[in-house]
Amino acid sequence: MQPVIFGIVLAMYLVAVMGNALLVTVACSDPKLQTPMYFLLSQLSFIDIFLTTITVPQMLVHTLSVNRTISYNCCMTQLFFFMAVGSMEGHLLAAMAYDRCVAICDPLRYSAIVSHRLCLRITLTSWTIVSLNSLLYSVLVTHLTFCGNQVTHFFCDITPLLQLSCTRPVVNEMLIFTEGVAVVVSPFFFILGSYARIGIAIAHMRSVVALRKALSTCSSHILVVLLLYGSVIRMYLRPSSSYDLDQDRQVAIFYTVVTPMLNPLIYSLRNQEVQGALQRLFRKHWISRNFQPGSQANREWQHIS
């Protein structure tokens, strides 16, 4: 089954990378999408590319390889980037929830409150927080004494590494349930608070068109939030005694492969602005390719003219 698994995972990885790269290209190049919301969406797509690239290529190599090894330094590096990028996704979703909250609850002051400068500050601050948090985790793991070198996972994650410790890593587990909750779960509570305000605002709407637009705007974001935090809570926010290798592998594959593949589909299929931008991009590419000087289509057009 290894060649079959390799083919399926490779196809999903390519779809995830190309779909998110296309979304980044559209958000950065289309003049009609130069808004704070699409800036945050492009950052989320970049994060999805980064997240799946951290883990999947090595998994693909190990799927068809006999020598499934990773050096200690590479393992710690992978742990650092995976923790940082995974946490950053939650912070971006919280920023997007704030953007939607202001747009629905205070639309007249939206341009004055939410700006590109504010989104850039939020992004840089979030990167600083998650990087320091990930560095703290990585340093603590490097101080553990391991009784084996068999990582029972397809990448170096915090939970299987703690399982290799000779003694119970009490400090690390306490850190996960205190500082980890503050950094990872606090964006989730912020999202819940934002949607509570949005719900109150929607309840007072009398226009059916405005109500439908508000629900359409939030539905894609809510679905992505559920996909992300459903996986995160299942993987990390529980005692190590309830660790189940098979279930964690399945959730990890869903989190690192399936979710990054679904995110661009969710935002493009349910967003008319993104669909219009994609059509303009493809039309522009088709015209530039077929009507270059010396092309057959250009010669035919000149002949007709």
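Helices (H or I, at least four residues) and strands (E, at least two) are DSSP runs, numbered from the N terminus. The model is predicted: local features need pLDDT of at least 70, side-chain atom pairs count only at pLDDT 80 or more, and totals for chains, interfaces and linings use all residues. Residues are numbered from 1 along each chain as its sequence is written, and side-chain values use heavy atoms, with hydrogens and water left out.

Start with the fold. The protein has twelve helices and zero strands. Read along the sequence, the pattern is α-α-α-α-α-α-α-α-α-α-α-α. Contact means heavy atoms within 4.5 Å. Among contacts between residues at least 6 apart in sequence, 76% join residues at least 24 apart.

Next, the surface. Accessible areas come from the Shrake-Rupley method with a 1.4 Å probe; for residues, only the protein chains shown count as cover. The accessible surface of the protein comes to about 16500 Å². Carbon and sulfur atoms hold 67% of it. A residue is buried under 20% relative accessible area, exposed over 50%, and partly exposed in between (1.4 Å probe, protein chains only). Of the 305 residues, 44% count as buried.

The UniProt record, an unreviewed entry, carries the annotation "transmembrane region" for residues 6-26, 38-59, 79-98, 118-140, 174-193, 214-232 and 252-270. UniProt positions are given in the numbering used here, feature names are shortened, and annotations may be inferred rather than shown by experiment. Two of these spans can be checked against the model. Residues 38-59 are 100% helix and 0% strand, with end C-alpha atoms 32 Å apart. Residues 118-140 are also 100% helix and 0% strand. Their end C-alpha atoms are 33 Å apart.

The expected span of a helix is 1.5 Å times one less than its number of residues. For the 27 residues of α5 that gives 39 Å, and the end C-alpha atoms are 39 Å apart, so the two agree. The buried residues of α5 are Cys119, Thr123, Ser126, Val130, Asn133, Ser134, Tyr137, Ser138 and Val141. Cys119 counts as buried because its relative accessibility is 3%. Cys28, by contrast, is exposed, with a relative accessible area of 51%.

Now the interior. A nonpolar core is a set of buried Ala, Val, Leu, Ile, Met, Phe, Trp, Tyr and Cys residues joined through side-chain atoms within 4.5 Å. The largest one has 64 residues. Leu93, Ile191 and Tyr267 have the most contacts inside it. The largest share, twelve residues, comes from α3. Apart from this core lies another, of 13 residues, among them Cys75, Leu161, Leu162 and Leu164.

What does Leu93 contact, leaving aside its neighbours within four places in sequence? The partners are Leu44, Ile191, His221, Val224, Val225, Leu228 and Tyr267.

Val85 lies in helix α3. It counts as buried because its relative accessibility is 1%. Not counting residues up to four places away in sequence, Val85 touches Ile47, Phe50, Leu51, Ile54 and Trp127. Val85 and Asp48 are 37 residues apart in sequence, yet 8.5 Å apart in space, C-alpha to C-alpha.

Finally, the disulfides. A disulfide here is a pair of cysteine sulfur atoms within 2.5 Å. By this rule the count comes to two. Cys75 is joined to Cys156, S to S 2.0 Å. The link is left-handed, with -120° about the S-S bond. This pair connects distant parts of the chain, 81 residues apart: Cys75 sits in helix α3, and Cys156 in the loop between α5 and α6 (158-163). Cys75 is buried at 6% relative accessibility, and Cys156 is buried at 2%.

Cys147 and Cys166 form a disulfide with sulfur atoms 1.9 Å apart. With bonded cysteines counted along the chain, the disulfides follow the pattern 1-3, 2-4.
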